[in-house]
Amino acid sequence: MKTELSSYHFDLKKDRFWPWIVALPLGLLCWALPFVSWWGLIRTGLEDNTSIFIAFLFLGLPAYLVGWIFVYTFMEGLITRVSFSDTEIFHRTPSLIFPLLWKTKKIKIADIQNINFFAPYGFRTAILLFIQRGNKIKKYFLPRFKNQPEYLREFLAFSKEKEPFGEGNPTQKNLSAEAMAKEKMLEVANANQLSVFGWDRLLRLISGILAFTVIVGSGYYCLQLPLSAFETFSTGISVGMIFVLICLVLSIPIASQVLIWFFAKKAIFFVFSVFNINSDTLFLPSALQKILREWTKSETVKLSLTDFVFWCVLFLSILYSTERILRNYNRRNRSRELYN
């Protein structure tokens, strides 16, 4: 009998959660932007109800979703715990809606019917529990912590007498031997996909830089407006975040790019006009225009705010679509390696 709970958690370094600590201020900034925009809109003379609608609904939802990515991932690495007692498993995770809070899920060991130790879960591999709930079997995912063999032994201790299976797994007689064999197969699968994951990481880096360029660039353009620098810059980056979120949604290969090519400029102009900004009349400063003309070998080229956001959104959509293709390929390839 256990007198104390045995608890396991992510290692911020080994499980690669430490970059999200650095990026956390960006997420908190995203959550603060609707309040800043509301304050700025009121100062422009808009009615209170209109300012609230634009700041907290039109802008607030995209800003919250973008910030949620940073905050939830950070809190997931910090808060997640899996603890074991003689009769129950306790899984602590951040709240899905507001990740600064957390909740604990209790799972009775007696209700666990089967276990899949190598279930695909996004870009990770998770432990999938098949739990009896009345006449139904429900699935529940638990994290796989890296370099913590004691964590896996906790499952082996209460599952040796069960006949485990995973979706697509053969019937197994010896869970320990099967887990070791699967671990070897997982290593081979990972080795075979190093180049693919390398491209995926490169695309993520480039798309992250481009998304940052859209957000900050939009704020930089808006500094030309006859208002305080703080108000104009915060409004510009707020609108930039809206377009980044739209790109995340418009990540269907080919179809998204066609929609952007034909309709994006009108949509960009409309969104900026909601904030009383004419994006067709804001251009790069003369010094940057000179560099652009020298680079393009054209004396007439101009890059308005509308054009700037359009090209960034188009390329960002292409990058997100390519990431989506690679992600689907990786998932199918990993499934074939692990379960065939």
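Predicted model: local features only at pLDDT ≥ 70, side-chain atom pairs only at ≥ 80, totals over all residues.

Is Pro-34 buried or exposed? Its relative accessible area is 4%, and since buried means under 20%, Pro-34 counts as buried. The residue sits in helix H1. Show what surrounds Pro-34: leaving aside neighbours within four places in sequence, Pro-34 is in contact with Ala-55, Phe-56, Leu-59, Gly-60 and Ala-63. Pro-34 and Pro-62 are 28 residues apart along the chain, and their C-alpha atoms are separated by 9.7 Å.

Next, select helix H2, residues 48-58. Colour Ser-51, Ile-54 and Ala-55, which are buried. Look down the axis of H2: the buried residues fall within an arc of 85°, so they line one face of the helix. Now turn to the face of H2 that points away from the buried side, where you will find the exposed residues Asn-49 and Leu-57.

Which residues meet here? From H2 come Ile-54, Ala-55, Phe-56, Leu-57 and Phe-58; from H3 come Gly-60, Leu-61 and Pro-62.

The next stop is the largest nonpolar core, a set of 48 residues. Select Phe-243, Phe-272, Ile-277, Leu-305 and Val-309, the members with the most contacts inside this core. At least two core residues come from each of H1, H2, H3, H6, H7, H8 and H10. Which helix gives the most? That is H10, with 11 residues. In soluble globular proteins, nonpolar side chains tend to be buried together.

Zoom in on Phe-272. Not counting residues up to four places away in sequence, Phe-272 touches Ser-218, Cys-222, Val-239, Phe-243, Ile-277, Ser-279, Leu-305 and Val-309. Apart from this core lies another, of 22 residues; Tyr-8, Phe-10, Phe-117 and Phe-155 are among them.

From Tyr-8, move to Gln-148, as the two touch. Gln-148 also touches His-9, again not counting residues up to four places away in sequence. Look for Gln-148 in the loop between strand S7 (136-142) and helix H4 (149-159). Its relative accessibility is 18%, so Gln-148 counts as buried. What does the side chain of Gln-148 reach? At 2.8 Å lies the backbone oxygen of His-9.

Most residues other than glycine have a negative phi. Select Ile-254, in the loop between helix H7 (229-249) and helix H8 (255-274). Ile-254 is not a glycine, yet it has a positive phi of about 70°. With a relative accessible area of 65%, Ile-254 is exposed.

Then select Asn-276, which lies in the loop between H8 and helix H9 (286-296). Asn-276 also has a positive phi, of about 60°, although it is not a glycine. Its relative accessibility is 56%, so Asn-276 counts as exposed.

Technical notes:
Residues numbered from 1 in each chain as written. Heavy atoms only, no water. Buried < 20%, exposed > 50% of the residue type's maximum accessible area, 1.4 Å probe, protein only. Helix = DSSP H or I, 4+ residues; strand = E, 2+ residues; numbered from the N terminus. Arc of directions from axis to C-beta. Core = buried A, V, L, I, M, F, W, Y, C linked by side-chain atoms within 4.5 Å. Contact = heavy atoms within 4.5 Å. Polar contact = N/O pair within 3.5 Å; in protein donor to acceptor, adjacent residues only side chain to side chain.
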